[in-house]
Amino acid sequence: MSRVHIIGAGLSGLAAAVRLIENDMKVTVYEGAGQAGGRCRTFYDKHLEREIDNGNHLIMSGNKSALSYMQRIGAEDPLTGPPFAMYPFVDVQSGKRWTVRINEGPIPFWVFDKQWRVPDTGVMDYVKAAGIAFADKDKTVAEVVDQKSPLYERFWEPLTLAVLNTTPAKGQAKLLWRVIRETFLLGGQASIPLTARTGLGHAFIDPAVKFIEQNGGVVRLGARVRSVWMEGGEVTTLNFADETVTLEEGDKVIFAIPPTRLKDLLPDVDPPEDDASILNIHYRMAKPVPTKALGEGPFIGMIGSDGQWAFVRDDVISLTTSASNAIGTDDRPNDDVVAKIWRETQIALDLGNEEYERVRVIREKRATPDQSPAGARKRLKPDTQWRNLFLAGDHIDTGVPATIEGSIRSGERAAELATTVMGK
C-alpha cells in the first residue's frame, strides 16, 4: 500500500495524518524538533515549575473543524469556558469594566441591550459595522469600520489583534469577516469562547499522536528534512541528516511546515512572510489567582494596555500581546515589558499590590503569516505543480485566518487531496 509522508508535526500536519488514517492510509509524520505540536504545545517550564503553553489560543464553539478533530482523536474534556457567549473586558486606563454577552439565535438582540453591548455604543454603531461583510480583498479592517466609534477601540481592535495577529490598519477585513460569519453572526451558541483546560498539548497534540501511533501510523521526532529531490513532475526523495527516504510508486508527500521552511525546501514557491510575532508572559503567583474579575470564564480582555488578554490557570497568569512586532513591544527589553504589563495585570485582575513569584517571557518571532491584504493574496493553494506534493499550514488559503481552526482545515484538505489522487 502506498504511504503519505507528512513533513511537520504541528497541528496541520497532525490533522492531515488523522484524516488519512481515518481513510485507511499508511502515514509517516516527520518532525524536526524533539516534540510534536509546533506553536500549539504544552511543556514543563523548569523556572516556573509549572506546565505552560507556548502561547494562549481561544477556540470558539463555532469552530466546527477544531471541535470535530478533538472528538475524533479522543481528547477527553479538554476545553473550558463560560456557559454562555460572554466576553469580559477592562479598560486599564480608566478601570471601567464591562461584559459583552451575545444571545443565542441569529437575531442579535444583545445589540439593543445597553447591559450587554459594548459601553458607550448605540445600535447604529453596529449597523454601520455590517459594512465589513461587503469589504473587498484589498481593504483593511480600519478602512471599512468607523474608527471614531467607541466600538473600534473596544471591539474591532482587540478582535483584529486576537484573530489576525495584526492591527486593524494592516489586517484584511475579508479574513476577519470570515470568522465573524462563522461565529458571532450565528449567535451565542457559536460564539462561546473556549480555552484548553490543562494545556493546548493535552487538548490537540498528545491525543493526536496517540491516535496516529495506535492506528499504525509513525511519528518520527528529531527528523528534519534537509532537501527534496524532484523528477518527472513528482517528489522522489526526502533527504534527512542521517538517511535518505526514497518514495515508492504511489507515495504522496504533504509539507505542513511554516513559510520560511517551505521556501528553503521549495525556492520556487512564494508564500506570505511569517514574521508576525506574539509576546507571551507567564507570571506564577504564590497561591491560586482570584478569578472574580473573569466572571465565569478563564480570561479577560484588556483595553488601553500592552497586555491584551489575561488567562488564568490555577496560580499562573498568562498574558498575550498579539502583533507585538507592530506595536513596538518587540523592541523593548524583557524587564521593561514584564514590569509594565504586570502593573496592567494587577489592575485587570484586581490584584492590588500583590506581586508574582516568578516570570517567564516567550517571544514567538514567527507566530503567524502576514494577514494583510497583500499577505492574504499570497496564501498558497494546497495542491502544487508536483503531482504527489500537497501543502498544509497557516499560509494555505482555507478561507479563514491563521488560527487553530484554519490549521486543522488546511491539514484535512491536504489529506483529502492526497486521498483523491491515490484513488485515481
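Biologist: Which residues do ring pairs link into a cluster?

Modeller: This is a predicted model. In it, ring pairs join Tyr87, Phe89, Trp98, Phe155, Trp156, Phe184, Phe299, Trp309 and Phe311 into a cluster. The whole structure holds 14 aromatic pairs.

Biologist: Why is the pair of Tyr30 and Phe240 called tilted?

Modeller: The ring centres are 4.8 Å apart. Pairing needs centres within 6.5 Å, so the two rings count as a pair. Their planes stand at 35°. Stacked needs under 30 degrees and edge-to-face over 60, so this pair is tilted.

Biologist: What parts of the chain does that pair link?

Modeller: Distant ones. Tyr30 sits in strand β2 (residues 26-31) and Phe240 in strand β12 (residues 234-240), 210 residues apart.

Biologist: Are Tyr30 and Phe240 buried or exposed, and how do you know?

Modeller: Buried means under 20% relative accessible area. Tyr30 has 3%, so Tyr30 is buried. Phe240 has 7%, so Phe240 is buried too.

Biologist: How do you know that the charged end of Arg220 sits over the ring of Phe240?

Modeller: One test is distance: CZ of Arg must be within 6 Å of the ring centre. For Arg220 and Phe240 the value is 5.8 Å. Arg154 likewise lies over the face of Trp98, at 4.9 Å from the ring centre.

Biologist: Why are helices α1 and α2 called oblique?

Modeller: The axes of α1 (residues 11-22) and α2 (residues 64-73) cross at roughly 60°. Roughly parallel needs under 35 degrees, and roughly perpendicular runs from 65 to 115, so α1 and α2 are oblique. The crossing of α1 past α2 is left-handed. Residues in the contact include Leu14 and Val18 of α1 and Tyr69 and Ile73 of α2.

Biologist: And why are α5 and α6 called roughly perpendicular?

Modeller: Their axes come within 11 Å and cross at roughly 95°. That angle falls between 65 and 115, so α5 and α6 are roughly perpendicular. Among the residues that meet are Trp156 and Leu159 in α5, and Leu175 and Val179 in α6.

Terms used. Residues are numbered from 1 along each chain as its sequence is written. This is a predicted model: local features need pLDDT of at least 70, side-chain atom pairs count only at pLDDT 80 or more; totals for chains, interfaces and linings use all residues. Side-chain values use heavy atoms; hydrogens and water are left out. Rings of Phe, Tyr and Trp (its six-membered ring) pair if their centres lie within 6.5 Å; planes under 30 degrees apart count as stacked, over 60 as edge-to-face and the rest as tilted. Helices (H or I, at least four residues) and strands (E, at least two) are DSSP runs, numbered from the N terminus. Buried means under 20% relative accessible area, exposed over 50%, partly exposed in between (1.4 Å probe, protein chains only). A charge sits over a ring if NZ of Lys or CZ of Arg is within 6 Å of the ring centre and within 35 degrees of the ring normal. Axes are lines fitted to C-alpha atoms, for helices over the stretch in contact, and angles run from 0 to 180 degrees between N-to-C directions. Angles under 35 degrees count as roughly parallel, over 145 as roughly antiparallel, 65 to 115 as roughly perpendicular and the rest as oblique. A crossing is left-handed if the near helix is turned anticlockwise from the far one by less than a right angle, and right-handed if clockwise. Contact means heavy atoms within 4.5 Å.
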